[in-house]
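Here is a walk through one protein model, helix by helix. Keep the structure open as you read.

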Amino acid sequence: MDSFFGLNLELIPYLAITLIIAFTLHEYAHAFVAYKFGDPTAKNQGRLTLAPHVHLDPIGTILIFIAGFGWAKPVPVNRFYFKNPRLAGILVSLAGPLSNLLLACLAYLLFFLLVSLGLLQGLPISILEKIELFVEVFTRLNVLLFIFNLLPFPPLDGYRILEDLAPADLRVKMTRLEPFGIIIFLVLIFTDLGDYTINPLLYDVVPSIQGTIMQWFASIFLR
């Protein structure tokens, strides 16, 4: 038995570590930015922390391995504390996805810095391969979370950003349609429609962005 729900068993530890870090920082970023804009809700509920167990949702995490998508516990946000609710709302929503993009960049920065300093030289090939695999999984999944969470479907961050950008009358209509958004989203994921909508974004755009980040840091440290 070398697979679990279609996943290579070798990848599961890398995925688990990545998800713990990625989900934790994502939700912490939401809580931190909301707090900086005057909303203490998340802080009062103990969410302004980097402790993973506070942010991880057991079912949402397990579904990543089973269905290929999942979630963490959403950070509570009370917009009534914001002096400028739309601007603050957009920045709070953006904070989560941007934290995942930042993690991908930091992973490549650290990896190529170690390479350029020669600190990985002399390591056994097996260890070096594991490091490279972890960096690959870590950056790919964080870029995936960055793009995925910007999709304009509730309850994703992209939808919240779109909601804050929309005129007041349109926001009312969006609120009425919100319960159907998740249904549309699931249809796009689990039907052939996904081959023309979400899948190209996730399977073409994500590797492209990851490759661009990798090449950029490689060009800096490996000249």
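At what angle do H1 and H5 pack, and how far apart are their axes? The angle is about 145°, and the axes are 8 Å apart. Axes here are lines fitted to C-alpha atoms, for helices over the stretch in contact, and angles run from 0 to 180 degrees between N-to-C directions. Helices are DSSP runs (H or I, at least four residues), numbered from the N terminus.

This is a predicted model: local features need pLDDT of at least 70, side-chain atom pairs count only at pLDDT 80 or more, and totals for chains, interfaces and linings use all residues. Residues are numbered from 1 along each chain as its sequence is written, and side-chain values use heavy atoms, with hydrogens and water left out.

Stay with H1 and H5. Their crossing is right-handed. A crossing is right-handed if the near helix is turned clockwise from the far one by less than a right angle, and left-handed if anticlockwise. From H1, the residues that meet H5 include Ile21, Ala22, Leu25 and His26. Across from them, H5 brings Leu91, Val92 and Ser93, among others. Contact means heavy atoms within 4.5 Å. By class, this contact has eleven nonpolar, six polar and no charged residues. Ala, Val, Leu, Ile, Met, Phe, Trp, Tyr, Cys and Pro count as nonpolar, Asp, Glu, Lys and Arg as charged, and the others, Gly among them, as polar.

Next, follow H1 to another partner. Helix H1 (residues 12-36) packs with helix H6 (residues 125-148) at an angle of about 45°, and their axes are 9 Å apart. That makes H1 oblique to H6. Angles under 35 degrees count as roughly parallel, over 145 as roughly antiparallel, 65 to 115 as roughly perpendicular and the rest as oblique. H1 passes H6 in a right-handed crossing. On the H1 side, Tyr14, Leu15 and Ile17 are among the residues involved. On the H6 side, they include Lys130, Leu133 and Phe134. This contact of H1 with H6 has 13 nonpolar, two polar and one charged residues.

Now look at the rings. Rings of Phe, Tyr and Trp (its six-membered ring) pair if their centres lie within 6.5 Å; planes under 30 degrees apart count as stacked, over 60 as edge-to-face and the rest as tilted. By this rule the model has seven aromatic pairs. One of them joins Tyr14 and Phe134, which are tilted, with centres 6.0 Å apart and 40° between the planes. The pair links distant parts of the chain: Tyr14 sits in helix H1 and Phe134 in helix H6, 120 residues apart. Tyr14 is buried, at a relative accessible area of 12%. Phe134 is partly exposed, at 25%. Buried means under 20% relative accessible area, exposed over 50%, and partly exposed in between (1.4 Å probe, protein chains only).

Why does the pair of Tyr28 and Phe32 count as stacked? Their planes lie at 25°, with the ring centres 5.9 Å apart, so the pair is stacked. Both residues lie in helix H1, four residues apart, about one turn of the helix. Tyr28 is partly exposed, with a relative accessible area of 21%. Phe32 is also partly exposed, at 34%. Back at the other end of the story, Tyr14, Phe134 and Phe138 form one aromatic cluster.

His55 lies in helix H3 (residues 52-55). At 0% relative accessibility, His55 counts as buried. Leaving aside neighbours within four places in sequence, His55 is in contact with Thr24, Glu27, Tyr28, Arg47, Thr49, Ala72 and Lys73.

Move on to H7. In helix H7 (residues 157-165), the buried residues are Asp157, Gly158, Tyr159, Ile161, Glu163 and Asp164. Their cover includes H1, H5 and helix H8 (168-190).

Finish with H5 and H9. The axes of helix H5 (residues 85-116) and helix H9 (residues 198-221) come within 9 Å and cross at roughly 35°. H5 passes H9 in a right-handed crossing. Among the meeting residues are Leu101, Cys105 and Tyr108 in H5, and Gln210, Ile213 and Met214 in H9. The contact divides into eleven nonpolar, two polar and no charged residues. Ala218 is placed in helix H9. At 18% relative accessibility, Ala218 counts as buried. Apart from neighbours within four places in sequence, Ala218 is in contact with Phe112 and Arg223.

Methods. Helices (H or I, at least four residues) and strands (E, at least two) are DSSP runs, numbered from the N terminus.
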